[in-house]
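The structure is shown first.

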Amino acid sequence: MTNNGLPGNGSEGVAFGLSAPEAQEASDSWDYSDGLGLVVDAEAHGQRLDRFLSQWFGSQSRARLQQWIAAGAVTIDGQPARKSSQLVKQGQSVWAIAPEPEPSGDWLAESIPLALVYEDEDILVVNKQAGLVVHPAAGHASGTLLNGLLWHQPELRHLPRAGIVHRLDRDTTGLMVVAKTLEVQTDLVRQLQARTMGRQYLALAWGAIESDWVAQGPIGRDPADRQRMAVVAEGSGKPAWTAFSPVAHGAIGTKPVTLLRCSLKTGRTHQIRVHLEYARAPIVGDPSYRKTAPRPEGVTLSRQALHAYALALTHPTTSAPLQFQAEPPTDFLAQLSQAGIPWPL
């Protein structure tokens with residue numbers, strides 16, 4: 001039994017040979033941008049590719065898996081799979097995009113205002129507002145970005161996660177890209193995996209930070225609080241990489257703050273917030289990751305001061321380079337002003 005992080009595909013890999021419940025738990029726990037790497041063993045030799053995949057992605061229908069294969073979302077030994085009926089052979093490396101489990105019940109199309117930054121026949125880019133959950137889940141069956149996307153374009157119902165490629169936390173604002181076809185969604189996810197999709201954030205953090213640094217602590221569930229994420233021991237979480245650069249300095253009350261530019265190579269849950277708390281520079285206003293945060297007068301934000309302000313990608317159809325920027329929202333700008341940090345910089 002071997003771990004198969006297939007070279008060049010950005011996958012961390014999962015060992016083949018787990019029990020069915022373990023396999024399902026593994027495939028259901030991956031982030032949007034993760035892939036699942038598998039190795040065909042002797043027992044699976046000669047199976048149809050779609051049947052082989054169905055053992056790992058039990059929450060997906062055979063028809064959905066066949067769509068993945070047709071869209072090029074599945075590779076065998078690094079080459080796109082030819083067809084669903086293709087027979088797998090012992091020793092082959094199979095890689096597939098593993099989507100987040102879909103919620104039970106039908107998605108509702110809801111008239112939710114969306115700030116569209118760009119749209120064409122293949123993609124749309126939205127500037128997400130604070131307080132908007134991205135995807136339906138327990139406690140948020142409606143009123144999400146996904147529900148609003150279905151109102152804007154009902155055809156997105158036929159795509160995994162309605163074409164959503166990556167996530168932002170509920171109270172994090174900024175740019176997200178959404179695909180309109182499975183082929184485009186597959187391409188965008190691969191750009192995320194290859195680290196060729198540029199995502200930059202602005203964060204207002206506590207402390208006087210004077211130099212650039214890179215945080216590489218692995219992230220997993222906080223052993224002391226399963227509702228939070230934390231930097232954990234090697235082998236206990238997923239690799240995470242965030243680069244930080246100071247942009248401007250100010251103060252809230254008598255406490256120094258720094259406006260940071262944050263660049264991601266991975267997209268773990270709460271990644272920037274966790275890395276900054278671990279560095280003892282938590283984000284101003286963060287309600288969850290604030291163990292070392294001061295409590296001075298003058299904090300006007302009721303959420304984390306985190307904004308996805310820049311997005312760069314290659315258009316999946318035209319191959320044209322695209323770059324987008326979105327100014328921070330008014331509450332973020334008001335907090336910058338209160339801290340003595342001018343905008344624009």
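A residue is called buried at under 20% relative accessible area, exposed at over 50%, and partly exposed in between (1.4 Å probe, protein chains only). Helices (H or I, at least four residues) and strands (E, at least two) are DSSP runs, numbered from the N terminus. The model is predicted: local features need pLDDT of at least 70, side-chain atom pairs count only at pLDDT 80 or more, and totals for chains, interfaces and linings use all residues. Residues are numbered from 1 along each chain as its sequence is written, and side-chain values use heavy atoms, with hydrogens and water left out.

**Strand E4**

Because five of the five residues of strand E4 (residues 93-97) are buried, this strand is largely enclosed by the rest of the structure. Ser93, Trp95 and Ile97 lie on one side and Val94 and Ala96 on the other, and both faces are covered. E4 pairs with strand E2 (residues 74-76) in the antiparallel sense over three bridges; two strands pair if DSSP finds at least two bridges between them. Within this pairing, valine 94 stands opposite isoleucine 76.

**Helix H5**

Nine of the twelve residues of H5 are buried, among them Leu182, Val184 and Leu188. Just after H5, arginine 195 takes a positive phi of about 65°.

**Salt bridges**

A salt bridge is a side-chain nitrogen of Lys or Arg within 4 Å of a carboxyl oxygen of Asp or Glu. The whole structure holds nine salt bridges, including the following.

| Pair | N to O distance |
|---|---|
| Glutamate 119 and lysine 180 | 2.7 Å |
| Arginine 228 and glutamate 277 | 3.0 Å |
| Arginine 170 and aspartate 171 | 3.7 Å |

Arginine 228 and glutamate 277 are both buried. Arginine 170 is partly exposed at 43% relative accessible area, whereas aspartate 171 is buried at 17%. Glutamate 119 is partly exposed at 34% relative accessibility, and lysine 180 is buried at 14%.

**Threonine 242**

Threonine 242 lies in strand E12 (residues 242-252) and is buried, with 0% relative accessibility. The side chains of threonine 242 and glutamine 271 are joined by a polar contact of 2.7 Å. A polar contact is a pair of N or O atoms within 3.5 Å; within protein, one must be able to donate a hydrogen and the other to accept it, and residues adjacent in sequence count only if both atoms are side-chain atoms.
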